[in-house]
Amino acid sequence: MKRITALALCGTTLGAGTVHGQPSASALERGQLYVQVAERVSPGVHVLRQQRPNFAGVVGNVTVIEQGDGLVLVDAGASHGSGLRIVALVRAISPKPVKTVVITHWHGDHVMGLSAILAAWPNADVIAQEQAARDIATRLSALFPSAPSATYDHERAQALDAAYTDIEQNQAAQARTDAEREGWRATLGARDLRLADVPGTHLIPARRTFRDSLTLADTETPIELRHLGRANTSGDVVAWLPRQRVLVTGDIVVAPTPYMIQVFPSELSRTLERIRAYPFRVLVPGHGAPTRDRSYLDALQRLLRAVRTQVEPLARAGVPLDSIPARTRFDRERTAFAGSDTWLAYWFDLYGLTPLIESVYNEALGRPLGPAPVPPT
Ligand SMILES: [Zn+2]
């Protein structure tokens, strides 16, 4: 069984882009699927997001919310370079300053653009749930420098370049379908942009934390931050705009295929129920397109139920984890998310199904969930 860690989502591994619809050849080659574009989802609310499913070089969605005396961002991009593009997009949306950045969870693709955002708006507050703040201070500080570092920039660029060469020579060369070939081509198209995004990337910790809830008051656009329970990570936060009925979920919900790496399966299911109960008009996922109905939430719940139904009895019967894939079938669930698209199916398996099976297996046996504790340095 192929194993990956949360590092895959911290910008330390690569993913790719595309498929539904036909991106132009030049867009694929110039890395256009990697960069974020702004989309208005409600008056005073915009989402900056990658235009197509982009599985290597992922950058978390950034939600830009206008309040009376300034802007609130939910999440901050994946690198200094992606943060610079976020700053430019935000300035094109509103002349108001960014006064607050809310971090939905600790993964680097939602945090590491803070260096550029705070360079533009140095007085902005940075808010995270208290466990997310601890994870940022320990897990991310083990991966990123605390100030700009030429050594880090050099080593990171070398590692990324080597990873792209590996994709070029191995994964892309072994692609079996047109969808996979196009996906890898889009991935490789982002190579130069991703390398250029590295310099200046450094970690900025949260400046304010909360445990269960925090309201960012405003007469027109109040924002209610809530920790609904563990789900994708131990410190997930959703942002609810009751007037606009917009709900921002972070990576508890990711579309078009889920990220299930080191999740907490039964708590994720309960948290998804709480998300479903919000009377939202627009749900903004952590990655992918905003949605206006509940069908995607239902598909996630069906996936969780199907995996638990098949995997839990096998785990309790002593079947080894590595034997589970051969003893289970999830064709219907794969088709529900990926259709006949082999590129999406590849990522559904890698980032969704395979890690979910592992977490469900561990939970059934009462083993620890989530990432391993960070060793003291
Ligand atoms: Zn993410």
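A: Before counting anything, a word on what a donor is here: an N, O or S atom within 2.8 Å of the metal, and since water is not among the atoms, a site may look incomplete. Also keep in mind that this is a predicted model.

With that in hand, the zinc ion is coordinated by Asp-109 (OD), His-110 (NE2), Asp-251 (OD) and His-287 (NE2), at 2.1 to 2.2 Å. Along the sequence, the donor residues of the zinc ion follow the spacing D-H-x140-D-x35-H. The two histidines tie together distant parts of the chain: His-110 sits in the loop between strand S5 (98–102) and helix H3 (114–120), while His-287 sits in the loop between strand S12 (282–284) and helix H9 (295–316), 177 residues apart.

As for geometry, the 4 donor atoms around the zinc ion subtend angles of 84 to 166°, so the arrangement counts as irregular. For four donors to count as tetrahedral, all angles would have to lie between 85 and 135 degrees.

Now for how covered those histidines are. The cut-off for buried is under 20% relative accessible area. His-110 is buried because its relative accessible area is 0%, and His-287 is buried too, at 4%.

His-287 also leads us into the neighbourhood. Val-253 touches it, along with Leu-272, Ile-275, Leu-283, Pro-285, Gly-286, Tyr-296, Leu-297 and Leu-300, leaving aside residues up to four places away in sequence. Val-253 belongs to the largest nonpolar core, which has 39 residues, and together with Ile-275 and Val-307 it has the most contacts inside that core. Strand S10 (238–241), helix H8 (265–277), H9 and helix H12 (342–364) are the elements giving two or more residues to this core. H9 gives the most, with 11 residues. Apart from this core lies another, of 38 residues, including Ile-86, Trp-121, Ala-132 and Val-198.

S10 and S12 bring us to the sheet. It is an open one of 5 strands, in the order S8-S9-S10-S11-S12, with mixed pairing. Strand S8 (213–216) and S12 are at the edges with a single partner strand each, so one side of each has no neighbour in the sheet. On average, neighbouring strands in this sheet are turned by 15° against each other, direction ignored. At the S8 end, 4 bridges join S8 to strand S9 (residues 223–226), and the two run antiparallel. Within S9, Leu-225 is the residue that Leu-214 stands opposite.

Technical notes: Residues are numbered from 1 along each chain as its sequence is written. This is a predicted model: local features need pLDDT of at least 70, side-chain atom pairs count only at pLDDT 80 or more; totals for chains, interfaces and linings use all residues. Side-chain values use heavy atoms; hydrogens and water are left out. Donors are N, O and S atoms within 2.8 Å of the metal (3.2 Å for Na, K and Ca); water is not among the atoms, so sites may look incomplete. Four donors count as tetrahedral if all angles lie between 85 and 135 degrees; four count as square planar and six as octahedral if opposite donors are over 155 degrees apart and all others between 65 and 115; anything else is irregular. Buried means under 20% relative accessible area, exposed over 50%, partly exposed in between (1.4 Å probe, protein chains only). A nonpolar core is a set of buried Ala, Val, Leu, Ile, Met, Phe, Trp, Tyr and Cys residues joined through side-chain atoms within 4.5 Å. Contact means heavy atoms within 4.5 Å. Two strands pair if DSSP finds at least two bridges between them. Axes are lines fitted to C-alpha atoms, for helices over the stretch in contact, and angles run from 0 to 180 degrees between N-to-C directions.
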